[in-house]
Amino acid sequence: MLQTQPFPHYAQEAEGEIELSILIPLHNEEENVAPLVERVCDALKDFGKPWELIIVDDGSTDDTLVNARKEFEREGLDLRIIEFQRNFGQAAGLQAGIDAARGRLLATLDGDLQNDPYDISKMIAMLEERQLDLVCGWRKSRQDGLVLRLIPSWIANRLIRKVTGVKVHDYGCGLKVYRARVMKQIQIMGGMHRFIPAWIGSVVPSSRIDEMVVNHHARQFGQSKYGISRTFRVVLDLLSVLFFMSFRHRPGHFFGTIGLVFGGLSGLAFLYLFIVKFFLGEDIGTRPMLIVAVMLFIGAVQMVTTGILAEMLARNRDATRNYVVRNSYARDV
């Protein structure tokens, strides 16, 4: 029997009873649900410790949710399903699963059957043996199209590694294993799920992040949600990542520095015009430099005041969820 209850509820339950939480966000993957759950259960049949499966239905318009709820009939499966009110994106799906997870460890999988659940145990062993906080999957032999998937991914990964300094080959691999206490320190907003290793690198040393070569299978059902346009979105998102990694807690330093530069240039321009006007007796009313100096001064004031406002927001911000849950489901025990 199923029960429907308001969200969130799970995060307040006794932590430590569950060793592993597996998170799978799904969007229009109706044909993949049953074989995916079957593979996860088979891969963890010898795990030996309590684990749970959390499925997030990200506003699917097909029978993804219906098929997911059928899995409650599977004997011995600790399954939780979160139904979004609409499509909020993969980042929101992951964040909802993280908020709901009770496990000491977290593992994430894509819902397209391309990640291999049998790699999870090996990644956990690596994480524990080397005392890591994150192990990323590396799809070294990807089974994807060259133009629409491999080339954009190669460009994006090189760009992210260069900018963030976290040396992971495959940022886009959905198969990752984390320590829950570390993962819960960050919040995944917008399309920032692509940069999870970088976000983790902002709260722990990069030496506690590593990767493992994992299996990758060709998509059997449904259609990919990504294309070459993702490369351009990654570039825009990288700017946000750089700002938050460097100035998240002191945004006033970012805007204030720009304001000081503008103010310094404005001061030099005004000093030059002052000398020209009062010592050389020349007219400055029609000089373009006067307009430039005034605009630089206005820009300096705006940047400094923006920095002050950003500091006030940063010091008083509350974590807000970037998703809305319609229903959540769990087995009635």
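These are my notebook entries on a predicted model, written as I looked things up.

**Entry: helix 1**

I began with helix 1, which covers residues 33–43. I wanted to know which of its residues are buried. My list reads Val33, Leu36, Val37, Val40, Cys41 and Ala43. Next I checked where they sit around the axis, and they cover an arc of only 165°, so they lie on the same side of helix 1. The spacing in that list made me recall a general rule. An α-helix has 3.6 residues a turn, so residues three or four places apart point the same way. Then I asked what the buried residues of helix 1 pack against. I found strand 2 (18–26), strand 3 (51–57), helix 2 (64–70) and helix 4.

**Entry: salt bridges**

My search for salt bridges turned up 17 in the structure. I looked up a few of them one by one.

Arg326 and Glu83 bring their side chains together in one, at 3.7 Å from N to O. This pair ties distant parts of the chain: Arg326 belongs to strand 9 (residues 325–331), Glu83 to strand 4 (residues 79–84), and they are 243 residues apart. Are the two partners buried or exposed? For Glu83 the relative accessibility is 11%, so I noted it as buried. Arg326 has 46%, so it goes down as partly exposed.

Asp210 and Arg130 make another salt bridge, with the closest N and O atoms 2.6 Å apart. Here too distant parts of the chain are linked, as 80 residues separate the partners. Asp210 is in strand 8 (residues 209–213), while Arg130 is in the loop between helix 4 (120–129) and strand 6 (134–138). I put Arg130 down as partly exposed, at 45% relative accessible area.

Glu282 and Arg287 came next, and their closest N and O atoms are 2.4 Å apart. Both ends got the partly exposed label in my notes: Glu282 has 34% relative accessibility, and Arg287 has 23%.

I also found a network of salt bridges, which links Glu19, Lys49, Arg104, Glu128, Asp133, Arg179 and Arg208.

**Entry: aromatic rings**

How many aromatic pairs does a search of the whole structure find? I got five. One of them is Phe84 with Phe88, an edge-to-face pair with centres 5.5 Å apart and 90° between the planes. Phe84 is buried, at 2% relative accessibility, whereas Phe88 is partly exposed, at 21%.

I then turned to Phe274 and Phe278. Their ring centres are 4.9 Å apart and the planes meet at 45°, so I wrote the pair down as tilted. Both residues are in helix 9 (residues 251–278), four residues apart, or about one turn of the helix. Phe274 is partly exposed, with 44% relative accessible area, and Phe278 is exposed, with 58%.

Going back to Phe84 and Phe88, I saw that ring pairs join them and Tyr323 into a cluster.

**Entry: a nonpolar patch**

Phe270, Ile291, Val294, Met295, Phe297, Ile298 and Val301 make a nonpolar patch of about 630 Å². Which element gives the largest share of the patch? I found that helix 10 (residues 288–316) supplies six residues. Val294 is in helix 10, and I checked this residue separately. Its relative accessible area is 34%, so Val294 counts as partly exposed.

Technical notes
Residues numbered from 1 in each chain as written. Predicted model: local features only at pLDDT ≥ 70, side-chain atom pairs only at ≥ 80, totals over all residues. Heavy atoms only, no water. Patch = residues over 30% accessible without salt bridge, like charges linked within 9 Å, V, L, I, M, F, W, Y side chains within 5 Å. Areas by Shrake-Rupley, 256 points an atom, 1.4 Å probe, with all protein chains shown as cover. Salt bridge = Lys/Arg side-chain N within 4 Å of Asp/Glu carboxyl O. Helix = DSSP H or I, 4+ residues; strand = E, 2+ residues; numbered from the N terminus. Buried < 20%, exposed > 50% of the residue type's maximum accessible area, 1.4 Å probe, protein only. Arc of directions from axis to C-beta. Contact = heavy atoms within 4.5 Å. Phe/Tyr/Trp six-rings, centres within 6.5 Å; stacked < 30°, edge-to-face > 60°.
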